[in-house]
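This report covers charged pairs, aromatic rings and a surface patch, in that order.

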Amino acid sequence: MILRQISRLSSLFRAAVSVHVRRNIGLSAIVFNKTKELDPVQKLFVDKIREYNTKSKQAGGPVDAGPDFQKDLNESLARLQRAYGEGDLTKFPEFKFEEPKFEETPK
């Protein structure tokens, strides 16, 4: 009777360990794949994104935008100012929500 319980516990233990090992192998495969070198097309794409990011920070705005772009942007902003009123249209608006005031009614 004791041998049956030991064999049953050992089989449960083996099953739990095998599931745990399989999961860890699956996760470690994902980690190892992420650390490998990107394929050339992905690497080129990521390099171009990083290059654009550095150029954008240096230029302080859009990259390789000429005076025509700036002229069109200013005209569009002026048109929107006339249509929707004053304020800085290049910034996201700030919303202020106030808590509603509820009145308690006697029961």
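Predicted model: local features only at pLDDT ≥ 70, side-chain atom pairs only at ≥ 80, totals over all residues.

K55 is partly exposed, because its relative accessible area is 35%. E51 has a relative accessible area of 34% and so is partly exposed too.

E51 also forms a salt bridge with K48, where the closest N and O atoms are 3.7 Å apart. These two residues lie in helix α2 as well, three residues apart, about one turn of the helix. For K48 the relative accessible area is 49%, so this residue counts as partly exposed; the cut-off for exposed is over 50%. Through these contacts K48, E51 and K55 are linked in a network of salt bridges.

A further salt bridge joins K43 and D47, with 3.5 Å between the closest N and O atoms. Both residues are in helix α2, which spans residues 40–59, and they are four residues apart, about one turn of the helix. K43 is partly exposed because its relative accessibility is 35%, and D47 is partly exposed because its relative accessible area is 33%. The count of salt bridges comes to three. Side chains of opposite charge can pair when their charged atoms come close.

| K43 and D47 | 3.5 Å | four residues |

The aromatic rings come next. How many aromatic pairs does the structure hold? There are two aromatic pairs. One of them is formed by F92 and F95: the ring centres are 6.2 Å apart and the planes stand at 80°, an edge-to-face arrangement. The other geometry is found for F95 and F97, whose ring centres are 6.3 Å apart; their planes are at 20°, so this pair is stacked. The label follows from the angle, because planes under 30 degrees apart count as stacked and planes over 60 as edge-to-face.

The last topic is a patch on the surface. L80, Y84 and L89 form a nonpolar patch there, and together they have about 320 Å² of accessible area. Where does Y84 lie? Y84 is in helix α3, which covers residues 67–84. Its relative accessibility is 67%, so Y84 counts as exposed.

In short, the salt bridges number three, and K48, E51 and K55 form a network of them. The nonpolar surface patch is made of L80, Y84 and L89.

Conventions: Residues numbered from 1 in each chain as written. Heavy atoms only, no water. Patch = residues over 30% accessible without salt bridge, like charges linked within 9 Å, V, L, I, M, F, W, Y side chains within 5 Å. Areas by Shrake-Rupley, 256 points an atom, 1.4 Å probe, with all protein chains shown as cover. Salt bridge = Lys/Arg side-chain N within 4 Å of Asp/Glu carboxyl O. Buried < 20%, exposed > 50% of the residue type's maximum accessible area, 1.4 Å probe, protein only. Phe/Tyr/Trp six-rings, centres within 6.5 Å; stacked < 30°, edge-to-face > 60°.
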